[in-house]
Each structure stands twice: as C-alpha cells, then as structure tokens.
Amino acid sequence: MTAEHLLDLAWVIPVIPAVGAVVLLLFGKRIGEPRAGWLATTLMALAFVASVILFFALRSLPADQRSHVSDGFTWIQAGGFRVDFRMLADPLSSTMILFVTGVGALIHLYAIGYMHGDPRFSRFFAYLNLFAASMLVLVLGSSFLVTFMGWEGVGLCSYLLVSFWFERNSAAVAGKKAFVTNRVGDFGFMIAMFLIFSKLGSLDYSVANAAAGQLSQSTVTAIALLLFLGAIGKSAQVPLHVWLPDAMEGPTPVSALIHAATMVTAGVFLVVRAHVFFDFSNHAGTVVAWVGAGTALFAATVAIVQNDIKRVLAYSTISQLGYMFLAAGVGAYSAAIFHMIMHAFFKALLFLGAGSVIHGMRDEQDMRRMGALRKFMPVTAITFIVGWLAIAGIIPFSGFWSKDSILAQAWIHGDYGLWAVGTVAAIATAFYMTRQVWLVFYGGERWNAPITPQPGAVAETPEPVHAAVSDDAPQPHESPWIMTLPLVILAVLATFGEVINLPFDTLKLDFLDRWLEPVLRGAPVIPEELGTEFILATIAVALAVAAIVLAHAWYRNGLDAEGHDPTVERLGGFAGVLENAYFLDVGLARFVSGPATAFARFLSEGIDRDTIDGAVNGIGTGFRRLGGGLRRVQTGLVRNYALAIFVGAVIMLAFISTRVTL
Amino acid sequence: MIGAATVTPTYYLTLAAALFTIGAVGLLVRRNTLVMFMCIELMLNAANLTFVSFAKALDDISGQVIVFFTLVVAAAEVAVGLAIIVAIFRRRQDVTADDVNALEG
C-alpha cells in the first residue's frame, strides 16, 4: 500500500468518532457506565493511531508533494457551484489532527472518572465523540465549506456540552450565549465565503489560495477581515470573547477539550489555513496582530482578580489565544501553530488539574475556599505546578519556547509595540498563575472559611454554582488513577513538548517550522536572530520570575489575615473594573444587544406580528365575517328557498323578455 | 251571439297562467307540506296545458310528446316526495314545512 493509498483514507479519521457518537446516541443507555466511556475513549485512541499513520504516510512523500486530497463525493452541485466533500491531508492538517485526537483521547479517559455517576453519562461521551468528529472535519476539510460544516458542528457540540447540566439555569443561559455569540463570527465567515466564491469561483483551498493573488487589494483585505471576524467569534477574542468565561458552566473535561485545547484554536487554524489572503492584504495582518495582542493583555489582567478556579483559566485561554493571533498577524504562522499545540498540552493539563481539584473539593470552585491542597492531592499538585511553570514561560518548559518564539518573531519583524504588549501580558500571566497555584495548593486550609467581602471591590463576583455545604465539610482527596494518568502524560508533554520546534535553525531542530513550510509557502519569512532571541528570552524569563516572586510574596500564606485578597486590596477601585472584565460584557449587553434586542422586538412585533401577520389574518377574518353573514341565508325553511327560486325565475324571465324579441 | 264565440288558444293559455299562479302562490303561502305538494302538481299541469295548447295551435306534435315526459317525471316526483312526507310524519307526527329547519346554516 503506497502512501497515496493511505492518504486517500483520510476520511476514516473523522468517521471513527462519528461512529462512536451514533452508537452512543442510539444505544448509550444500554451500553451504560463505564463502558460507554471506554468505547468513546477507545475510538479516540484509534483515531489518534490513524492520525499517526497518516502523519508517517505524509512524511514518506517529498516535501512539495505533501498535500493530498483524499477520496470523497460531490456534496453540492448547483450550476457552476460545486463542493466536494473531501479531506485534505497536508502538514498543517496532519499536525492539527495529531494533537486534537491525542489530547482528545486523554481527556476522554479523564472524563470517565470525572463524569462518574452522572445520569447522562453515555450522552456526554456521545457529544464528546461528535465534537471530535466535527473538529476533525473542520481541520481536514479540503474547502472552506467543508471546514465550515465542521466549524458549525463544533459550535453545536460546544452548545450541547456547555449546557450539559441544563437543569441549572446558568448553564442553559451560558450555552445559549456561546451559540449566539458565535453566530456573529459565523456571519463574517459566511460573507467571506460568498466573496471568495463570487470572485474566484471555487471554495477549494487549493484553488482559492492559488488565485488569491489576482484579487484587488480591497477585496483581499475584506475577505481576510471577514474570515478574521469568524476567527474572533470562535477563538473568543475581544470583543466576542464574552461567551468563553461563561462557558465554564460546562463539565470540566469539556472546558479542557473544547474551550482550551481544540475548538477555540479553530480560529487560529482558519487564519493559518487561509494565510494567503492575509499575506496579500496590506493591513489585515496588522489588525489581527493588534486584536490578538490587545486580547492577550486584556484577558491576562482580568484573570488576576478572578476567584473561580476555572474562570482564571478561561481568561488565561483567551489571553493565550491572543498570543496565537499576534503571531499569525505578523506572519509567524508556524509559531502560532507551535504555541497552539503547546497551549493544548499545558492548558488541558491545567484544566484537568482544576477539574481534579473541583472533584476532590466536592464541587467547590472558589479559590478563596481552597488552600493547602498539595498535601491531599500530590499528583494533581505536582502536575498543576508543571502546567503553571509552562504557562508562566519558565525555561525549559514548553510555554517558554512557544511564547518566546512568538514575542521574538514580533520583535524581529519590527513590531516593538506588539512585543511590549505581549511581554506585559506575559508578566500578568506569570502573576495570576502564581496566585492561583498558591491560593489552591499552598497556604492555610480555608475550606469552610466564610468569604469576606473585599472593601475595594465594586461588585462581588457571582457565587460558584455548587457552594460548599458547611455541614458537609469537604475532605479533599486525590482523584482516581483514571484522572491522574492523563494529568501525568500531559505534564510530560508540557515539559518536553517543545522538542518539536526548538529555535535552532542551524542545528535543524525546528522540526515544526520545516514540516509546515510547504503549507506556508508565500508567507513572510522571519529570519532567526539567535542573539536577539537570547536577549529577549532572558528579559522575558527575568520578568516572569519577578512576577512570580512578587505574587509569591503576596500570596505566600494564601489570603491575608482578614481573608482578603492582597491584590484586590492594593488595586483598590480598579480591582472592581478588572473583576467585571472592564465592563465589556455589561457594555456589550447594554449598548449592542440592548438596541439589537429592541430592534428585533420591533421587527417581530411591529413588522412581523402586526403588519405581515396582520394583513394575512385580516384577509382571513374578513372572509370569515363575510361567510358568517352569508350563512344566515340558509334558513333551512323550504318556503324561503321556493321564494328565492320564484323571485329568481321572475328576474330571469324579465331579463329574457327585455332582450329577446319574439 | 254567445255560442258563436270561438275558443282560441288564448283562453287555454290564460287558464294555464292562472293555474300556475295559483300553484306558485300556494306553494309560497301554505305551510302544510301536502298542500304545497299539490300546488307543485298544479304548476306542473299548468305547464302541461301550455304545451298542449301550443301543440294544437302550431300543429306540432312534439309539444304533446313532452307532456308525457312531464307526466312520468311528475309521477316519479310524487312517489319520492310522498315517501319523504310520510317519513317526516312518522318521525314528527306533523308535516308543517316551517318546523322542518334542521338544515339551517
């Protein structure tokens, strides 16, 4: 079997989890717990094996032939419009499917333990498998439309899984919010596709990317920015980030898989996949980079004052996605993908660690009620600390290499402003992660401590959903092996993952850069300047260490003696601004969705109900009244009918006698 | 001289018109179904009389032929109509037309 034959079978990879989803949706209840979970996990592992095979098949080809469109079928054929449902196996998609299925399989395994005892256990795994299938279609699609199908599929699964515990109103609302916010971005994606089709006549990546250079500057910029609008929605960038923190209502494995490791990176993937449009446009890249940098800083500062263990990580995810867009914006696409993979490792690790903590603390999510957990959950603590070092950018952990690769390339590209913003965000990152680690794993035990209101805080953050019950004091315990094993594997990956792309071009250690090179042909090449990078890395590590030291000094004993948060104390009124995420959420609700809702209400009530329905119903009512009137004519009395016949006959006779002359 | 007066078709037609009018008015004003029925017969026979008169006056046999058809139809109509009236009477002990209004819209 040649490599081409194997690559023709790329469609099998999304089909594997799709089969699992169908089987679990139909027979899930009968399969039951925990076999449903094992089935889903096994299928994910199979998909991972298939991805590995595909990777090696692709590798056996010469570099410039590593783009293979697999067998498929014609999905849509309408006049000149034709879309084939085919899978594109190239270095980019093979990289994506490797970490999607790999991290996905680990999180599936973890979820068997985490979802233990849930009444909808099998349903959960059906959704997870469906998500994996959609994500793989998204990544492997050979045209914008196939990708869009996966794009909507993951959006649907995100909705289903965020509101998985829909008995809780907040979860149902959060799912709806995620779905609706994503619609705004999807609208941009769709307009971009319409533009591409009307200008280039095809939605296939191969055709569109090859012909993008013929477009006018304004068209190509419009397409790029509209695609980016889709990416903003899916990847939770400002101002469409509002759904991601709320999406933490979903079960923690969902947060780890969908809202940290895979789905939210789809926006970055889209930008890289359609990078030709961004390359040809003069300004789109700048917009992407600055939105990314702004988001990175914005979310990192907000994360500093969050008290919910998962909300910290949610804002952290938004911030890290901002780095990826920063990289994509300056044309450092391979750095963006590198950081995406490293982020998948350490953020999945952190989320799963947080889930393990929540599990051990009996659904307590408020960090102010934690503390000293390292004694009770050693594996979780150690792996979480690895994740913390990775995200904080401490050498030699993975986050250091990927984040500094982005910042260094921004600097070398000449975007010193972007570098500065990214560096400040990195300091904030190191600070909030240190705060989290010390609040959760060090300091004193505060499991039953009442939460003292902060004097400086403007508004209290919402109470966690499962507030600890005081008469049922939490007794933290380590999670079962099924949950800690993925933690350990991810911790190893977060430590050593960087070997796929070390920044030493001359030693040929930049495997990922060279692997992705055929896909990114045409993208600006940012030269490597080891000396500059070394200095920048030193500065970054020094600043990160400084932030860690500062945070450690403040949080050494957890909260202060009065039970207050030292940062909030020091920030004063500004802490309230941060806790409310700069009031962006409230502002959006008031100034965008408020008028939009009012307008929609006008359309629905004023136009639709009163005008259109009014006209339709009016005609109906008119005829009904007419009929009601005419009904009275039928009296049922024979003599009335006879009279009517008689009168009619007379009238006809009179009529005929006036017309007919005998 | 009275005896010399000839009976012209006008006489027959006038008589037929009078019979028809009596039948029509009777149909409209009477409530007893049997009487209404007889009025209808009256109208039918007025029509027959008209046919016969014209057949004689115009020397055309087809008018007389039509009368036979009318008689047959009238006989059939009587058979059905009387059956209905008997059925109504059995049900209601009464054949007043204005009381039978179950088909009111």
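The structure is a predicted model, with an ipTM of 0.83 and a pTM of 0.78. For chain B the average pLDDT is 89, and 95% of the residues score at least 70. Where pLDDT is low, the predicted coordinates should not be read in detail.

Chain A comprises 662 residues, of which 53% are buried. Its secondary structure consists of 26 helices and four strands. Along the principal axes, the C-alpha atoms of chain A occupy a box of roughly 120 × 65 × 50 Å. When contacts in chain A between residues at least 6 apart in sequence are considered, 81% are found to join residues at least 24 apart.

Among the helices of chain A, α18 covers residues 398-412, 15 residues in total. The distance from its first C-alpha to its last is 21 Å, close to the 21 Å expected at 1.5 Å a residue. Helix α18 of chain A is mostly covered, with 14 of its 15 residues buried. After this helix comes Gly414(A), which has a positive phi, near 100°.

The contact between the two chains involves eleven residues from chain A and ten residues from chain B. On the side of chain A that touches chain B, helix α26 (residues 638-659) of chain A provides the largest share, five residues. Classified by residue type, this side of chain A contains five nonpolar, three polar and three charged residues.

Methods
Residues are numbered from 1 along each chain as its sequence is written. Chains are lettered from A and ligands numbered from 1 in the order in which they are written. This is a predicted model: local features need pLDDT of at least 70, side-chain atom pairs count only at pLDDT 80 or more; totals for chains, interfaces and linings use all residues. pLDDT is the predictor's confidence in each residue, from 0 to 100. Helices (H or I, at least four residues) and strands (E, at least two) are DSSP runs, numbered from the N terminus. The expected span of a helix is 1.5 Å times one less than its number of residues. A residue is buried if 20 or more other C-beta atoms lie within 10 Å of its own, exposed if 12 or fewer, and partly exposed in between; C-beta atoms are placed from the backbone. Two residues are in contact if their C-beta atoms, placed from the backbone, lie within 7 Å. Ala, Val, Leu, Ile, Met, Phe, Trp, Tyr, Cys and Pro count as nonpolar, Asp, Glu, Lys and Arg as charged, and the others, Gly among them, as polar.
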